[in-house]
Structure formats: structure tokens, C-alpha cells
Amino acid sequence: NFHEFQTSAFKSPHELFSPEPVSAEAEAGCRAENAALLKSLLLTGGDRSSAAADFIAMREARRAKTSEKELARENFKERTEGSAEYVGLLASALPCGQDGDKACAVPHILRDSLFLTELFDNGTNFYLSGMLQMAVLDSLRIPWRNRLAAGETIYAIFNDYFRPGGKSVSETRESYGYSGILARVIEARERAARMDAASEENIMAGAFVVITAPAGARRASGPQSHGEARSLADGRTFYTSAKLEVS
């Protein structure tokens, strides 16, 4: 429901929806950060705090090389869409446990977060990283809602409670698989570049199906799942593979 009124009732600068290009290293860094966040949610005690501190160490190093515009966009996305994502997951989980708390929300959060090391589109990424920070703070009974409502960002609040340890940033990144993530990011980008270099005639030379929205339809939903996607010059989208359910 948040997105239904966001553009009209929740005004925000338009530039926050126009991301700048992100380097392969920064993208891999974001994925490694999220791996640390997810680990923090899964662990307990000192291990949980250690993983949260690792997240902060990696993020601080990345943010030091990030433009002010992109930092503002990241903060906005985590604060607004991150909280919308978290509230949505809490609402979908039935109360459970002796005290009727929201412990059952954790499986829902994990379901949506386990692929975070393989996800980054410079937007969706921050829906989930914001949500995870909120979930970690809640798991530690750390209050954050009033501060967020007053205008603070979730990362600023999260940063108040954890401090990086003595490891170097490069060592910390490697402990979350940074080199492997970076290799996959570079491979995916090279594959996308090869795909972009191919002419649309070559792309459409094989067998294909064209899905046309009914006349007067305001919006055509995309496939429920799909492979790589490419926007064609005529406004259509090409998928290497797709599953489309039509009523």
C-alpha cells in the first residue's frame, strides 16, 4: 500500500529515483555488506554484534567513495522503502511464541534476503538492507522507530550501536566472499555487454513470443520469473527465458 500513495502523498526529490552508474567493485561491496547484515540477524550474542560491526566497516569504506547524491538516495531508499518492506513482512507474519510476538517474521525476512549476495540493481538492494537493519535492531530490543519517524536515517541509528573491530576492510570483505562476488559481477556485466552489442535482429532471429497488453490496459504485468532482461529500442522487453501466467 505504501507505493500506492508514495509519489503523491510522500514527496521526494526526483533525482533520488535516478541512480548513477555503480562500479563493479562498489556493487560487490554492497553485496558483501548485505551478507554481513544477514549473518548478524542469524547469529546471537557477540557474534551478532561482530557481524553488524563488519557491515559498518565495509559500508563506511564504500560510502567514503560515494557521491553525496548517491548517499542521499541510499539513505532515502533504506528509510522509506526499507521500512515499507519491513512493515509488509511483519504484517504477513502471524504472531507466535508465548508472548505473541513477531518471531515468525524472521522466516519471511530470510526468505526474501537469502539471495542478497546475488542482488543489486541500485534500488531493490536498499529495500532489503534497510529492512535487515531494522530487523537486527528489533532482535536486540533497540528502539529506532521514533528516531526514524523524526527524520533520521536507519543507517545513522544502526551506526550508533556497533563499532568496527580491528580487522582491515579488505580482510573483512574477503571473509564475506568479496572476491568471488566481484568475479560474478564482472562476468555478469561482460555477458550483458555482449548481449547489448548484439543487434536486435540477431536477438529476435530465433523463435520468440510477443505478449501484447489488452487495449486500454494501464499496466501490463511482467513474467512471474525470468532470465536476463533487455529493454529493446521499441519499448518492449526481451527475456532470455520467462514464465508467464495468464488468466
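Predicted model: local features only at pLDDT ≥ 70, side-chain atom pairs only at ≥ 80, totals over all residues.

Mentor: Residues are numbered from 1 along each chain as its sequence is written, and side-chain values use heavy atoms, with hydrogens and water left out.

Trainee: Why is F55 called buried?

Mentor: Buried means under 20% relative accessible area, exposed over 50%, and partly exposed in between (1.4 Å probe, protein chains only). F55 has a relative accessible area of 0%, so F55 is buried. F158, also at 0%, therefore counts as buried.

Trainee: How do you know that R141 is exposed?

Mentor: Its relative accessible area is 67%, and the limit for exposed is over 50%, so R141 is exposed.

Trainee: What makes the pair of F55 and Y155 edge-to-face?

Mentor: Rings of Phe, Tyr and Trp (its six-membered ring) pair if their centres lie within 6.5 Å; planes under 30 degrees apart count as stacked, over 60 as edge-to-face and the rest as tilted. By this rule there are four aromatic pairs. The ring centres of F55 and Y155 are 6.0 Å apart and the planes lie at 85 degrees, so this pair is edge-to-face. F55 is in helix α3 and Y155 in helix α8, 100 residues apart. Helices are DSSP runs (H or I, at least four residues), as are strands (E, at least two), numbered from the N terminus.

Trainee: Which residues do ring pairs link into a cluster?

Mentor: The cluster consists of F55, Y155, F158 and F162.
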